[in-house]
Amino acid sequence: MATRVLMVFDLPYAVKPGYDYAAEFADPDGSYTENDVYQALLECGYEVHRLSLYDDVRPLLDAVRDLRPEVIFNLCETFHEITHWDKNILAVMELLGIPCTGATSSSLFLCNDKGLCKKILRFHRVRTPRFHAFYRGHKVWLPKTLKLPCIIKPLTEEASRGISQASIVDDEKSFLARVQMIHERMNLDAIAEEYIDGRELYVSIIGDHALRMLPAREMTFGQMAEDEPRIATYKAKWDDAYRKRWGINNHFAKTLEPELQKRIADVCKRAYRALNIRSYARFDLRVTASGQVYVIEPNVNPCIAKDDELAQSALKAGISYPSLIRKVVNQALRRKG
């Protein structure tokens, strides 16, 4: 019999039981990742059931009771439209005793908190920018240990939310103002880290025991002025018109010397193991002109759509999209119990 897979994802609204998701899956700007994964699961021969969550966990409990899935393909990125609650939903899935794809809730917790994550990486001698976390309700100042310019980000956001060109600060006044903006307007804690000038690389790994490095991808900033900080802002990632205007492109990294490739692989594998990741991940790196490799942040459960970085890198390595999805499912089944 075919393996029963419950594919769980989030929507910004609740739907009734038996909903067919036709509108969401047909929209190219809608649930395109979910549709890619759904079609691949069907192609692999699984018995697939879909479930979306918004602000109530009871539909998940009901689906597990009624369908008795053998594995949950977890695509939840938010709960009640709050991004850092993805780990809480995954923890509920784990309590139900059903194997789940992707990262564990503990890995999501570690990687979602940029400050805590960087502390772990630094302990394991993985190079990452110097930083300081600023929590709401506490004093904000410019630490002497930080060298300007710095980039100010939300501590627990993902997908570059809250990051713009204004996130780069080079004096104390703008430093304090940016932290205050994140505290007051976004209602989030903030982190300041030293800006690392260099190439913006995205390196994906898949594996639980044996780790497989996938070909590196790179974001380049073709039309931006030389004195402009080249950072992956929210617009640089997601606004097609903005990307076209400034010549921002994502492509496979070129001119990586063998020694540098070896250094990148060593850094990413050490970071992967230090954070106890046993599924798949994408590391956002900065590589300086002198060849120093900095982990800016790890992305566990990164976007796994056909056209995104991880799947494109897997395809370059000879792993078709259905094969990638099957690998992810098999990883979860091996962790059963």
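A salt bridge is taken here as a side-chain nitrogen of Lys or Arg within 4 Å of a carboxyl oxygen of Asp or Glu. The model is predicted, so local features need pLDDT of at least 70 and side-chain atom pairs count only at pLDDT 80 or more, while totals for chains, interfaces and linings use all residues. Residues are numbered from 1 along each chain as its sequence is written, and side-chain values use heavy atoms, with hydrogens and water left out.

View 1. Strands (E, at least two residues) and helices (H or I, at least four) are DSSP runs numbered from the N terminus. D10 is buried but has no salt bridge, and R161, the nearest side chain of opposite charge, is 7.7 Å away; buried means under 20% relative accessible area, with a 1.4 Å probe and protein chains only, and for charge Lys and Arg count as positive and Asp and Glu as negative, His and the chain ends not being counted. The side chain of D10 has a polar atom 2.7 Å from the backbone nitrogen of E77, and a polar contact of 3.2 Å links the side chains of D10 and T78. A polar contact is a pair of N or O atoms within 3.5 Å; within protein, one must be able to donate a hydrogen and the other to accept it, and residues adjacent in sequence count only if both atoms are side-chain atoms. With residues up to four places away in sequence not counted, D10 touches L53, L75, C76, E77 and T78, where contact means heavy atoms within 4.5 Å.

**View 2. A236 in helix α8 (residues 234–238).** A236 is buried, its relative accessible area being 1%. Apart from neighbours within four places in sequence, A236 is in contact with M219, I231, Y242, R243 and I248.

**View 3. The largest cavity, with about 270 Å³ of space.** On a 1 Å grid over the protein atoms alone, a cavity is a set of points where a 1.4 Å probe fits but cannot get out, and lining residues have an atom within 4 Å of a point. The volume is the space filled by probe spheres set on the points, which are joined across faces, edges and corners. Of the 22 lining residues, I151, K153, I163, E200 and I296 lie nearest the centre of the largest cavity. Strand β5 (150–154) is among the elements that each supply at least two lining residues, and its three residues form the largest share.

Technical notes:
Buried < 20%, exposed > 50% of the residue type's maximum accessible area, 1.4 Å probe, protein only. 1 Å grid on protein atoms, 1.4 Å probe; cavity = no way out; pocket = protein on both sides within 12 Å on 5 of 7 lines; lining within 4 Å.
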